[in-house]
Amino acid sequence: MLGFLRKPIVVTAEINVNLVALTVMGLISRLWGLCYPRAVVFDEVYYGQFVSLYMKRIFFVDDSGPPFGHMLLALGGYLGGFDGNFLWNRIGAEYSMNVPVWSLRLLPALAGALCVPLAYQILVELHFSHCAAFGAALLILLENSLITQSRFMLLESILIFFILLAVLSYLKFYNLQRHSSFSGSWWFWLLLTGVACSCAVGVKYMGLFTYTLLLTIAGLHFWHMIGDQNLSNVSLLCHFLARGLALIIIPVVMYLSFFYVHLALLYRSGPHDQIMTSAFQASLEGGLARITQGQPLEVAYGSQITLRNVLGKPMQCWLHSHMNTYPIRYENGRGSSHQQQVTCYPFKDVNNWWIVKDPGMQQLVVSNPPRPVRHGHIVQLVHGITTRYLNTHDVAAPLSPHSQEVSCYIDYNISMPAQNLWRVEIVNRESDTDVWKTILSEVRFVHINTSAVLKASGLSGASLPEWGYRQLEVVGEKLSKGYHQSMVWNVEEHRYGKSQEQKEREVELHSPTQMDISKNLSFMAKFSELQWKILTLKNEDTEHKYSSSALDWITMDTNIAYWLHPTSGAQIHLLGNVVTWASANAAALAYTCLSLWYLIRRRRKIYDIPEDAWQLWVSAGGVCGGGWAVNYLPFFLMEKTLFLYHYLPALTFQILLIPIVLQHLSDHLCRTGLLKSMFSALIVAWFSSVYFAYCTFSPVTYGHPALSTAELKDLRWKDSWNILIRKQ
């Protein structure tokens, strides 16, 4: 039984020393002095706020992209024991002792470090030499801009890591395709491709560019498989389903899971709630949930309600009225109805309460049992405090003369009868018999006499003058003008009215409200709303001191000052390795020119290089050149404030193209031993200049050591660079 002990147990392992060395160098370059500076650096002021909100479980919306990247940054804070208590109010602010700076910056730094060995492996999988792969990794290692971006609490290094991981995984999967389809390794790399693509998109929507590129490459590869007569129809179907599962279904499921975790973590009400619908707000702990807890769900005749406009931007507001009337004549001499003002008020107030009345009955209380209001029912809306009826008529609105004035009717005993009947239309109904529900139903009020729709027009224009207390205008808009969210309202606060007498009713309206609405909102409903807000909610884009155009990036005519020491000349800039950037541009140009030359020659049946070398050249260009194009060209179509760091994913692919072009030139254009030796010497000299540029700009990459004024001026290799020099 113990015979196996007679021989020693031997474990044999292959260790790629190149890979180990590159990984160690990458870790040293990114992790060295990670806590320096112990101050807020550039966009850390932006992402830090979200980390604090995660720590406190407070809901927020960031219109810059999905939540996965933010959650990774928050994970760093959680691992470091961060309590979220820090005021991220300005760049350069010193971190307090409770902020775990090293932990917060750790994950971006690790991601940036691992990009170095990933670059090496990608070129190996593209079937280039280990020497070329090693050169590509060293270029990534010595790229100053990538070092700077990965040493702080920023997302670009994490994005680039997942992009490169997706590319490497797909290449490994594809190389296994020929001899070990459906093996364990084959499945592992295929599934990892989908996971990495999903993570890239989850960090920033820029990840979609590389994801689309890989889907395109996978589609082309599968198209070639269809022409393989050795594969049966069943085998092709299995390949198709495997790719669909790994590259489409799994990324979609993972993308949803990011939001699921995000919403599970952020369950408390916060400052971003107001841009969400009332139903979403009510699903959060605190805030509106405290008000709506226990409210009746179905709106009935006699219900006391507040009506919030669904648009909610630039600010939320509620249908409102007060005792004051419209002026007899406006500033331009135009006359009004002199009826009681109706506005949209951006604060909670007792004058926001309305009573839903049955036009055929006088009572203003809910009957027993309650009679629910349904889609298509005709109602009157009675202002709770003044008991006047919501009314509109053929009188021009104060600020929007093309629309009808909305008022609360005052009987002046003149030839202007009340027109106060409104039809309830539930916009998000499932059937034409739907009941009007608190928070959940989005409704329009269509005026019976004129077919005008109740609309908060002030949300897109100016507020009323002093006589209207600077509140927002409400008008009756003709249906022919089209649909807009400013025409849609939902019941936010709701109680069943019990008091028929006005004085008792006023006391009731002043008291707080008391069915849990939150349980009616599913994850998919919350996801759909949050996703829509992320895609459509845009901050006011203002010109930033360090913003730039996509054309400035190629030649690095711009830089970004990330941090400046308060007393010394120490500073950190986003500046690239000048030699590497110029070489990357030259490599891209050389690849394009050579490809066109080969194509023209091949059209003439002249084959300058062997077919396998041509296929290698095309596939490498498709991955690296295509990666540069898809991550760069879309920025010319974007209407947003752009910065140099947006170019870093494209730059990474362009850098990988450099050793590809160099090896091709060495293998196929240097025909003699002398030429090869001269070419190798040039490469050594060129690489020495890359290292020299890296060392030259290291002080503004790491912020150490502090440079004198003269040394800082010497670093200004381009007039367009904004190197910060203190006035003496």
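1. Two strands are taken to pair if DSSP finds at least two bridges between them. Helices (H or I, at least four residues) and strands (E, at least two) are themselves DSSP runs, numbered from the N terminus. On that basis, Val379 has Trp422 in β8 as its bridge partner. Strand β5 (residues 378–383) and β8 are antiparallel and joined by two bridges.

2. Basis of the model. This is a predicted model, in which local features need pLDDT of at least 70 and side-chain atom pairs count only at pLDDT 80 or more, while totals for chains, interfaces and linings use all residues. Residues are numbered from 1 along each chain as its sequence is written, and side-chain values use heavy atoms, with hydrogens and water left out.

3. Overall description. The protein chain contains 20 helices and 15 strands. Its C-alpha trace spans about 110 × 75 × 70 Å along the principal axes. Of the 728 residues in the protein chain, 55% are buried (buried means under 20% relative accessible area, exposed over 50%, partly exposed in between, with a 1.4 Å probe and protein chains only). The chain exposes about 32,900 Å², and 62% of this is supplied by carbon and sulfur atoms; the areas come from the Shrake-Rupley method with a 1.4 Å probe, and for residues only the protein chains shown count as cover.

4. Domains. The assignment gives domain 1 (26–261 + 548–715) and domain 2 (296–512); the bounds come from an automatic or database domain assignment. The C-alpha centres of domain 1 and domain 2 are 55 Å apart.

5. Charges. The protein chain has 54 positive and 49 negative charges, and their mean positions lie 5 Å apart. Lys and Arg count as positive and Asp and Glu as negative, with His and the chain ends not counted. Each charge is placed at NZ of Lys, CZ of Arg, CG of Asp or CD of Glu.

6. Salt bridges. The structure holds 16 salt bridges (a side-chain nitrogen of Lys or Arg within 4 Å of a carboxyl oxygen of Asp or Glu). One of them pairs Glu156 with Lys204, with the closest N and O atoms 2.3 Å apart. Glu156 belongs to helix α7 (residues 156–176) and Lys204 to the loop between α8 (184–203) and α9 (207–226), so this pair ties together parts that are 48 residues apart in sequence. Glu156 and Lys204 are both buried.

7. Further charged pairs. Arg470 and Glu466 form a salt bridge, their closest N and O atoms being 3.2 Å apart. Arg470 is partly exposed at 49% relative accessible area, and Glu466 counts as exposed at 55%. A network of salt bridges links Arg308, Lys348, Glu492 and Glu493.

8. Strand β8. This strand (residues 422–426) is mostly covered, with four of its five residues buried. Five bridges join β8 to strand β9 (residues 443–447), and the two run antiparallel. Val424 stands opposite Phe445 in β9. Glu425 makes a salt bridge with Arg423, where the closest N and O atoms are 3.1 Å apart. Glu425 counts as buried at 15% relative accessibility, whereas Arg423 counts as partly exposed at 26%.

9. Backbone points to check. Most residues other than glycine have a negative phi, and most peptide bonds are trans. The peptide bond from Asn368 to Pro369 is cis, with omega near 0°; Pro369 lies in the loop between β4 (353–357) and β5. The bond from His704 to Pro705 is also cis, with omega near 0°, and Pro705 is in the loop between α19 (673–702) and α20 (709–714).

10. Positive phi. Arg57 has phi near 60° and lies in the loop between α2 (44–55) and α3 (68–79). Its relative accessible area of 27% makes Arg57 partly exposed. Ile439 has phi near 65° and sits in the loop between β8 and β9. Ile439 is buried, with a relative accessible area of 3%.

11. Sequence and space. Ile609, in the loop between α16 (578–603) and α17 (611–632), counts as buried at 6% relative accessibility. Ile609 and Asp667 are 58 residues apart in sequence and 9.8 Å apart in space, C-alpha to C-alpha. His130 is in helix α5 (residues 130–141) and counts as partly exposed at 43% relative accessibility. Between His130 and Glu298 there are 168 residues of sequence separation and a C-alpha to C-alpha distance of 71 Å.
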